[in-house]
Amino acid sequence: HGSAPQDYLAAFCISVADPGLVSLATHRRAKAAMRLPESVFLEALRQNFDLQQVRVRGPDSLQDDFDVARRGEPCIGCYLAGEELYLLRPRNRGSLRRRLPEGADVWWELPVGLLHYVVFPDALGILPGSPQESELVEYRHDASQIYWGIESRDFDAGFLLPPTTPATVARVASQGQRLPLKSTYFHPKLPSGLVILVHE
């Protein structure tokens with residue numbers, strides 16, 4: 001509350017209705033807290049999701065392969081080594097609602113919520129909000145990095161997500177709620193660089 005430079009915070013505000021504002025997806029690649037054979041991993045997913053296998057043409061087309069296959073549907077893509085891509089569609093949304101935290105009334109059906117609160121715990125043994133989540137999950141905007149992270153065996157599974165729209169973000173914020181970590185990736189970004197403050 002003073003007048004020194006360190007008492008101020010730089011901020012940039014833009015309307016969510018701005019036609020130039022785009023929300024892009026943030027994908028995940030993860031290591032399992034409990035390593036499972038692929039057959040057991042897929043069976044864990046099938047407990048709550050219908051799985052549809054999708055043809056993959058390579059790292060540079062993985063994003064397109066996912067987008068074309070889902071046809072605008074808000075589902076999760078699960079990528080496994082060997083160019084295996086599955087679309088995950090929740091089988092019984094009502095039963096899954098109980099798995100998400102209180103205060104998730106606006107966003108509980110979003111793929112990002114189902115990924116963190118259903119898929120991660122059931123298939124990888126990663127509990128939402130736990131130290132393991134920050135240690136075992138990496139966030140990437142480029143789908144090709146999901147591809148190479150899994151094919152190199154550095155990670156056990158990759159997850160592709162559809163973008164969360166600015167309208168959805170606005171609706172969640174108007175209800176006083178917060179989305180799960182890394183639910184959005186707004187573009188364009190402001191140019192950034194090194195800032196130097198001269199102290200005399």
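Biologist: Is α4 mostly covered or mostly exposed, and how many of its residues are buried?
Modeller: In this predicted model, α4 is mostly covered, with 12 of its 14 residues buried. Among them are Pro 111, Val 112, His 116, Phe 120 and Leu 124.

Biologist: What does α4 span between its end C-alpha atoms?
Modeller: The end C-alpha atoms of α4 span only 17 Å, whereas a straight helix of 14 residues would span 20 Å at 1.5 Å a residue.

Biologist: Where does α4 bend, and by how much?
Modeller: The bend is at Val 118 and comes to about 35°. A proline, Pro 121, follows within four residues.

Biologist: And what follows α4?
Modeller: Gly 125 does, and its phi is positive, near 70°.

Biologist: Let's talk about the inside. Which residues touch the most other members of the largest nonpolar core?
Modeller: That core has 34 residues, and the ones touching the most other members are Phe 41, Leu 45, Ile 76, Leu 88, Val 119, Leu 124 and Phe 159. Several elements each supply at least two residues, including α1 (38–46), β5 (84–90) and α4 (111–124). Helix α4 gives the most, with eight residues.

Biologist: Which residues does Leu 45 touch, not counting those up to four places away in sequence?
Modeller: Leu 45 touches Leu 51, Cys 78, Leu 88, Val 119 and Ala 123.

Biologist: What's in the second, separate core?
Modeller: The second core has 15 residues, including Ala 69, Tyr 147, Ile 150 and Phe 155.

Biologist: Are Cys 75 and Cys 13 buried or exposed?
Modeller: Cys 75 counts as buried, at 1% relative accessibility. Cys 13 is exposed, with a relative accessible area of 73%.

Biologist: One more residue: where is Ser 144?
Modeller: Ser 144 sits in helix α6, which covers residues 143–151. Ser 144 counts as buried because its relative accessibility is 13%, and the cut-off for buried is under 20%.

Biologist: What is Ser 144 in contact with, leaving aside neighbours within four places in sequence?
Modeller: Pro 59 and Asp 60. The C-alpha atom of Gly 58 is separated from that of Ser 144 by 8.4 Å, though these residues are 86 apart along the chain.

Biologist: Which side chain does a polar contact join to that of Ser 144?
Modeller: That of Asp 142, through a polar contact of 2.9 Å.

Definitions and conventions
Residues are numbered from 1 along each chain as its sequence is written. This is a predicted model: local features need pLDDT of at least 70, side-chain atom pairs count only at pLDDT 80 or more; totals for chains, interfaces and linings use all residues. Side-chain values use heavy atoms; hydrogens and water are left out. Buried means under 20% relative accessible area, exposed over 50%, partly exposed in between (1.4 Å probe, protein chains only). A nonpolar core is a set of buried Ala, Val, Leu, Ile, Met, Phe, Trp, Tyr and Cys residues joined through side-chain atoms within 4.5 Å. Contact means heavy atoms within 4.5 Å. The expected span of a helix is 1.5 Å times one less than its number of residues. The bend at a residue is the angle between axes fitted to the seven residues ending there and the seven starting there. A polar contact is a pair of N or O atoms within 3.5 Å; within protein, one must be able to donate a hydrogen and the other to accept it, and residues adjacent in sequence count only if both atoms are side-chain atoms.
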